[in-house]
Amino acid sequence: LELVAAATNDGIWDLDLATSTLWHNEAYTTAFGYAPDEVISPNWWQERIHPEDREQVLSTLDAAIEEGQDRWLARYRFRRKDGSYAWVMARGYVLRDEQGKAVRVTGSMIDLTEKLELHDQLESERRKLETILATAQSGIVVVDAQGRPTYANPALQEIHQHPIPVGQGLESHAQLGLLHLDGTPYEPRDLPLVRAAMDGETVNNVEMLVERPDGQRRHILTN
């Protein structure tokens, strides 16, 4: 266990249930600002669990020990040396004797804070992008490498006066009434956006017609 603990950046711990002693590697404490030789105990650990998380964390650990489970998993806030809290993921494996009595719990604790903060940032950016696309006055469509529509904003549907076949195949473009300027229908594979996606062409200011379900035609400019 000590060799494994020395080779990882994760916090590794081992709880002896008979003596209530808690062994740990250096990363278990240093990752959160504590000294490598910090003297810790089960109480030391419990006191550093966020008050709002403590009851849930301890009850799930007790249940794993008392109810014959062999694994324990918890995500909670853990107090750093400077008083701030880190989000952590703790995992434990319950070791039992021949009678099935729990004698030790060995596990790890990793800091999730940076990952969660990055996730929150990405989610915030995603929401901003969704707002921009939803409120844009220009019609916007996204297709994948096979030319299949994967996204269309409300403005595009307003232009076509027809639901955009998001999630359907390449041939679904034929539903949208896209025409050359002479009035002949575009083959889906020949659409400028599809050629850009599938062939890598650069498409700039291509004028087209869109024929709505009521027969009206509108000039559109594709980029």
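**Entry 1**

I started at aspartate 16, which stands opposite threonine 21 in E2. The model is predicted, so I kept its limits in view: local features need pLDDT of at least 70, side-chain atom pairs count only at pLDDT 80 or more, and totals for chains, interfaces and linings use all residues. Residues are numbered from 1 along each chain as its sequence is written, and side-chain values use heavy atoms, with hydrogens and water left out.

I took strands (E, at least two residues) and helices (H or I, at least four) as DSSP runs, numbered from the N terminus. Two strands pair if DSSP finds at least two bridges between them. E1 covers residues 11-16 and is joined to E2 by four bridges, antiparallel. I then checked the turn. Four residues lie between the two strands of this hairpin, and serine 20 there has a positive phi of about 60 degrees. Strand E2 spans residues 21-24. Leu22 and His24 make up its covered face, Thr21 and Trp23 the uncovered one.

**Entry 2: the five-stranded sheet**

The order is E2-E1-E5-E4-E3, an open sheet of five strands with antiparallel pairing. E2 and E3 are the edge strands, each pairing on one side only. Axes here are lines fitted to C-alpha atoms, for helices over the stretch in contact, and angles run from 0 to 180 degrees between N-to-C directions.

E4 (residues 85-96) and E5 (residues 102-111) are joined by nine bridges and run antiparallel. Within that pairing, methionine 89 has isoleucine 110 in E5 as its bridge partner. Helix H4, residues 51-66, lies across E3, E4 and E5. Its direction is about 160 degrees to E3. Contact means heavy atoms within 4.5 Å.

**Entry 3: aspartate 14**

I went back to strand E1 for aspartate 14. Is aspartate 14 buried or exposed? Its relative accessible area is 10%, so aspartate 14 is buried. The cut-offs are under 20% for buried and over 50% for exposed, with partly exposed in between (1.4 Å probe, protein chains only).

I listed two side-chain partners. Arginine 104 makes a polar contact with the aspartate 14 side chain through its own side chain at 2.9 Å.

**Entry 4: aromatic rings**

I counted six aromatic pairs in the structure. Rings of Phe, Tyr and Trp (its six-membered ring) pair if their centres lie within 6.5 Å; planes under 30 degrees apart are stacked, over 60 edge-to-face, the rest tilted. Phenylalanine 32 and phenylalanine 78 have centres 5.1 Å apart and planes at 65 degrees, so I logged them as edge-to-face. They sit 46 residues apart: phenylalanine 32 in the loop between helix H2 (26-30) and helix H3 (42-47), phenylalanine 78 in strand E3 (residues 71-79). Both are buried.

Phenylalanine 78 also pairs with tryptophan 44, tilted, at 6.1 Å centre to centre and 55 degrees between the planes. Tryptophan 44 is in helix H3, 34 residues from phenylalanine 78. Tryptophan 44 counts as buried because its relative accessibility is 7%. For phenylalanine 78 the value is 0%.

Ring pairs also link Trp13, Trp45, Trp72 and Tyr76 into a cluster.

**Entry 5: histidine 173**

I moved on to the loop between helix H6 (154-160) and strand E8 (178-179), where histidine 173 lies. At 7% relative accessibility, histidine 173 counts as buried. Its side chain reaches the backbone oxygen of glycine 147 at 2.7 Å. Leaving out residues up to four places away in sequence, histidine 173 touches Val143, Gly147, Pro149, Pro188, Leu191 and Val194.

**Entry 6: the three-stranded sheet**

Last, I looked up the open sheet with the order E8-E9-E10, three strands with antiparallel pairing. E8 and E10 (217-222) stand at the edges with a single partner strand each, so one side of each is left without a neighbour in the sheet. Six bridges join E9 (residues 206-211) to E10. Glutamate 207 stands opposite leucine 221 in E10.

Definitions and conventions:
A polar contact is a pair of N or O atoms within 3.5 Å; within protein, one must be able to donate a hydrogen and the other to accept it, and residues adjacent in sequence count only if both atoms are side-chain atoms.
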